[in-house]
Amino acid sequence: MEREILKHFSFCVSIVLLFVCSSSFSQQLDPSIVGMAPGGRAEKNKDDGMETSRYVKRPKPAIKPKKFRTVANAHDDTTLHDPSPSDAQGPVVAPLPTLTEENSHFKTDNVPQPDPHVSEAESSGVGQRMRDLVLGGDFELIDRYRSFLDTEDIRKNIFEWTMGATYFYNSSSSPYFFRNYIASSPGAFLGLNLWITPFLGIDANYRFSILSEIKDSPTIDIYSPVSHSWFEIGVKFRRFFGISLNSSSLTFGLKYADYSMSVQPSSLSRLSQHTRGPEAEIEISVPSSKNYAWNLGFIAQPFMHHEEMVKANDLSSGTGNQTVGFGGSLGGEYRFSRQSRTFFKFTTIWYKSQFSGQTRATDPVTGGNPNGTPVNNVFYFIDFGLRLGR
């Protein structure tokens with residue numbers, strides 16, 4: 001009996017041990033850790049043809065090197081090559097040549113060279129240089145220049161009208177009585193400036209006397225009414241030293257100047273005159289405050305044509321003459337706004353005439369006929385005016 005019990009107990013223990021061993025063995029045969037042959041099949045033992053389970057290390061896939069396109073075949077998308085060790089960092093670009101003794105033989109035969117006989121002035125074009133000199137640049141740049149200016153800057157004006165009152169004093173000195181006199185009178189003036197660009201304008205001015213007279217006799221107080229008039233027209237070139245509202249400026253003008261004095265035909269000892277010719281003018285404007293500026297100008301009339309117009313008498317200072325004129329001005333201008341400014345100016349003009357030949361009429365004071373008569377005709381003006389811009 002005891003033997004039978006012991007036999008059954010041993011059989012149960014064997015079954016339990018067999019169950020434990022089979023469970024442990026199945027865990028070791030986990031498919032995730034069992035090495036498989038390529039293609040998913042288990043590797044067979046060469047000796048007994050049985051499938052064996054063993055641990056294997058899967059090899060990492062090899063990384064294929066990138067292929068780079070060289071500079072030589074960059075235009076061909078299909079031509080590629082394996083990178084060399086120097087290409088591993090990227091495409092290699094040749095360095096620029098430097099002007100040293102080692103590479104002084106660097107050739108530039110394929111690089112087009114400018115013609116040494118063509119100067120820079122010729123290449124830019126004479127017409128373009130003249131346009132920039134006269135207009136100050138092309139119209140597109142001028143419009144951009146105007147857009148940067150202050151709203152109260154006078155460079156934005158296209159039209160400027162000038163009007164005002166003047167008083168002048170005229171002293172004509174000569175050893176010949178008929179050209180020796182003094183006259184003074186009030187007057188008025190009008191002017192117009194048309195600025196094509198802020199740097200180029202057309203200028204026209206007209207000035208005339210009011211109720212002027214000249215003494216007509218050397219012995220008694222007889223006066224003859226006369227009229228004086230001045231007319232100028234020409235172009236102005238203006239340059240500014242800065243872009244701010246209170247920038248200084250320099251103006252250069254080339255004009256035609258005309259002065260005439262008309263005497264009534266009934267005059268006994270006076271004659272009419274007419275002087276005309278080219279004029280060059282320079283004016284400098286220097287602001288001293290936000291709204292005030294000083295103006296300084298110079299006038300030159302080197303080639304004037306002067307003539308005496310004889311009417312009812314034979315008066316003449318000579319057979320011919322040479323006449324030049326010079327002058328200057330000083331004044332100030334106060335700016336209320338870009339559209340309205342007021343100004344004053346002192347101006348003087350001196351005409352020097354040297355006649356040739358002998359006078360026709362006898363001098364009533366000296367009783368002679370001088371030869372080579374000189375005449376100095378000087379004008380002094382004081383102007384008060386208003387300048388309107390738009």
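Is Lys 215 buried, partly exposed or exposed? At 30% relative accessibility, Lys 215 counts as partly exposed. Here buried is under 20% relative accessible area, exposed is over 50%, and partly exposed is in between, with a 1.4 Å probe and protein chains only.

Before going on, a word on the source. This is a predicted model, in which local features need pLDDT of at least 70 and side-chain atom pairs count only at pLDDT 80 or more, while totals for chains, interfaces and linings use all residues. Residues are numbered from 1 along each chain as its sequence is written, and side-chain values use heavy atoms, with hydrogens and water left out.

Now the salt bridges. By that I mean a side-chain nitrogen of Lys or Arg within 4 Å of a carboxyl oxygen of Asp or Glu. The whole structure has 12 of them. Lys 215 makes one with Asp 221, with 3.4 Å between the closest N and O atoms. Asp 221 is exposed, at 60% relative accessible area.

Another salt bridge is between Glu 160 and Arg 341, at 2.7 Å from N to O. Glu 160 lies in strand S1 and Arg 341 in strand S10, so the pair ties together parts 181 residues apart in sequence. Strands (E, at least two residues) and helices (H or I, at least four) are DSSP runs, numbered from the N terminus. Glu 160 is buried, with a relative accessible area of 3%, and Arg 341 is buried at 3% as well.

Glu 232 and Lys 255 also form a salt bridge, and their closest N and O atoms are 3.6 Å apart. This pair links distant parts of the chain, with Glu 232 in strand S5 (residues 223-240) and Lys 255 in strand S6 (residues 249-263), 23 residues apart. Both Glu 232 and Lys 255 are buried. They belong to a network of salt bridges that also takes in Asp 203, Lys 236 and Glu 281.

Beyond four places in sequence, the contacts of Glu 283 (heavy atoms within 4.5 Å) include Ser 249, Thr 251 and Asn 295.

Next, strand pairing, where DSSP must find at least two bridges between two strands. Strand S9 (residues 320-335) and S10 run antiparallel and are joined by 16 bridges. A hairpin of four residues connects S9 to S10. Gly 331 has Lys 345 in S10 as its bridge partner. S10 also runs antiparallel to S11, with 15 bridges, and Ile 349 stands opposite Phe 379 in S11.

Ser 356 is partly exposed, at 38% relative accessible area. From Ser 356 to Gly 320 is 36 residues in sequence and 5.3 Å in space, C-alpha to C-alpha.

Last, the surface. A nonpolar patch there has about 980 Å² of accessible area, and among its residues are Phe 139, Trp 161 and Leu 388. Areas come from the Shrake-Rupley method with a 1.4 Å probe, and for residues only the protein chains shown count as cover. Patch residues have over 30% relative accessible area and no salt bridge; nonpolar side chains (Val, Leu, Ile, Met, Phe, Trp, Tyr) are joined within 5 Å, like charges within 9 Å. S2 supplies the largest share, four residues. Phe 139 sits in helix H4 (residues 139-148).
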